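Hi,

Here is the structure I said I would pass on.

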Amino acid sequence: MLALSHLIKNFSEEPLTRQVMLSLLSDYKRPNDKISEMVKAGYLRTVKKGLYVPGSKLDIVSPELFLVANHLRGPSYVSLEAALSHWAFIPERVYEVTSATTKTTKSYNTEIARFSYHRLPLPYYSMGIERVNLTKKQAVLMASPEKAICDKIVTTSGILLRSINQVITFLTEDMRIDENMLIKLNIDAIDSWIQDAPKKTSLEMLTKTLSTL
């Protein structure tokens, strides 16, 4: 087990996929049994079947939750409250990693965190995504602040923004975004997405409101 642990350290800060584990366990006749043994012994923690992170017995840096989210359900990118927290647009630290996906809406309660994925249609899904470096070794796909706000509006059931006051209330009271941060948003970027976006009227009211600030 010690020799195997040393090999796993080469994958510090990376999610450990089944493919990675099988390559490390190529000398074992029953690699799946060995993976189960490592989980029970605390060397690995299961995110879902076929996806693991280092356990407490391994003295190596685990991947950031945002990177795990990218791997857990793909294609996907971190968005909504999780992205807005990263960009310091909302004051709270979030305890659920929220993402957008082209697949069905789904949530995962795992040993390491709760992950939720919200379905968005193409081509709107592919707009406003940035590659963000969290560490020297970890880069994740994440919504820009503008896209995260739009995604929140689009995916929130019952939200139809029809007035400037309604938009301001939603952004500053419901989402608790500082109005000074809203001034920094790129209105032109949002405008360029509206044609292909759900809830076009709400997003048009969003850009109209932002232009008055």
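β2 and β3 pair in the antiparallel sense, over four bridges; two strands count as paired here if DSSP finds at least two bridges between them. Helices (H or I, at least four residues) and strands (E, at least two) are DSSP runs, numbered from the N terminus. Before going further: this is a predicted model, so local features need pLDDT of at least 70 and side-chain atom pairs count only at pLDDT 80 or more, while totals for chains, interfaces and linings use all residues. Residues are numbered from 1 along each chain as its sequence is written, and side-chain values use heavy atoms, with hydrogens and water left out.

Back to the strands. T46 has Y52 in β3 as its bridge partner, and R45 stands opposite V53 in β3. The hairpin of β2 and β3 has two residues between the strands, and G50 takes a positive phi near 90 degrees there. Put together, three strands form an open antiparallel sheet in the order β1-β3-β2. Its edge strands are β1 and β2, each of which pairs on one side only.

Next, salt bridges, meaning a side-chain nitrogen of Lys or Arg within 4 Å of a carboxyl oxygen of Asp or Glu. A search of the whole structure finds six, and here are some notes on individual pairs.

R45 turns up again here: E111 forms a salt bridge with R45, with the closest N and O atoms 3.7 Å apart. This pair links distant parts of the chain, since E111 sits in the loop between β6 (106–109) and β7 (114–119) and R45 in strand β2 (residues 44–48), 66 residues apart. R45 is partly exposed at 33% relative accessibility. For that wording, buried means under 20% relative accessible area, exposed over 50%, and partly exposed in between (1.4 Å probe, protein chains only).

E96 and R114 meet through their side chains in another salt bridge, at 3.2 Å from N to O. They also link distant parts of the chain: E96 is in strand β5 (residues 96–101) and R114 in strand β7, 18 residues apart. E96 has a relative accessible area of 25%, which makes E96 partly exposed, and R114 is partly exposed as well, at 31%.

Then there is E37 with K34, where the closest N and O atoms are 3.3 Å apart. Both residues lie in helix α3 (residues 31–41), three residues apart, about one turn of the helix. E37 is partly exposed at 39% relative accessible area, whereas K34 counts as buried at 11%.

Now the largest pocket, which holds about 240 Å³ of space. On a 1 Å grid over the protein atoms alone, a cavity is a set of points where a 1.4 Å probe fits but cannot get out, and a pocket is an open set with protein on both sides within 12 Å along at least five of seven lines; lining residues have an atom within 4 Å of a point. Grid points are joined across faces, edges and corners, and the volume is the space filled by probe spheres set on the points. α4 (65–72), α5 (80–86) and β5 each supply at least two residues of the lining.

Finally, some backbone details to check. Most residues other than glycine have a negative phi, and most peptide bonds are trans. The peptide bond from G74 to P75 is cis, with omega near 0 degrees; P75 is in the loop between α4 and β4 (76–78). L122 and P123 are also joined by a cis peptide bond, with omega about 5 degrees, and P123 is in the loop between β7 and β8 (129–133). L80, in helix α5, has a positive phi near 55 degrees without being a glycine, and L80 is buried at 2% relative accessibility. R176 has a positive phi of about 60 degrees, again without being a glycine. R176 lies in the loop between α7 (164–174) and α8 (179–182) and is partly exposed, at 47%.

Cheers
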